[in-house]
Amino acid sequence: MFYLGEYVSTVTVAAVAVTLFLGGWRGYWPFDGAVAWVGPFLWLLLKVTAVIYVLILVRATLPRMRYDRLMHFGWKVLIPFGLLWVMITGVVVVLPQEYGDRGRYIAAAVIVGAAALATLVAPLFSRRPAPDGEEVRA
């Protein structure tokens, strides 16, 4: 039942993605009359099948991450990067409003300075394993 639920959600995601981003049922169908409904249905089915194929292909080829490593990556890398990105966006938006063109140069200097500081400070927080298995600060 779990696999069935997983595949049903894959089909649902593919159908929503096709409807929103790939034109849904719209496509070429030369016939009119009683069989006019077959064309859009076949186009939607073809597009959904292609998206399902891509989703399964990506899932099968990408390696899986361990949960603890994924959480470590999220907490130690993505959240600080997101906070830094919010601050940089604030600097880029507010400084030109307050200082005009001079604010753009200040914003660029702050961004380059923050990147240089992060590059210099990051190795201080990395840990290397010692030959006997104990962790030593770099």
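1. On a 1 Å grid over the protein atoms alone, a pocket is an open set of points where a 1.4 Å probe fits, with protein on both sides within 12 Å along at least five of seven lines. In this predicted model, the largest pocket has a volume of about 210 Å³, a volume being the space filled by probe spheres set on the points.

2. Lining residues, those with an atom within 4 Å of a point, are Lys 76, Val 77, Pro 80, Phe 81, Leu 84, Ala 114 and Ala 118 for the largest pocket. Two or more of them come from each of α3 (67-99) and α4 (101-121), helices being DSSP runs (H or I, at least four residues), and α3 gives the most, with five residues. The lining divides into six nonpolar residues, no polar ones and one charged.

3. Helix α1 (residues 2-21) packs with helix α2 (residues 38-61) at an angle of about 125°, their axes lying 9 Å apart.

4. The contact (heavy atoms within 4.5 Å) involves residues of α1 including Tyr 7, Val 11 and Val 18, and residues of α2 including Leu 44, Val 51 and Arg 59. The residues of the contact of α1 with α2 divide into twelve nonpolar, one polar and three charged.

5. Residues are numbered from 1 along each chain as its sequence is written, and side-chain values use heavy atoms, with hydrogens and water left out. Local features need pLDDT of at least 70 and side-chain atom pairs count only at pLDDT 80 or more, whereas totals for chains, interfaces and linings use all residues.

Terms used. Ala, Val, Leu, Ile, Met, Phe, Trp, Tyr, Cys and Pro count as nonpolar, Asp, Glu, Lys and Arg as charged, and the others, Gly among them, as polar. Axes are lines fitted to C-alpha atoms, for helices over the stretch in contact, and angles run from 0 to 180 degrees between N-to-C directions.
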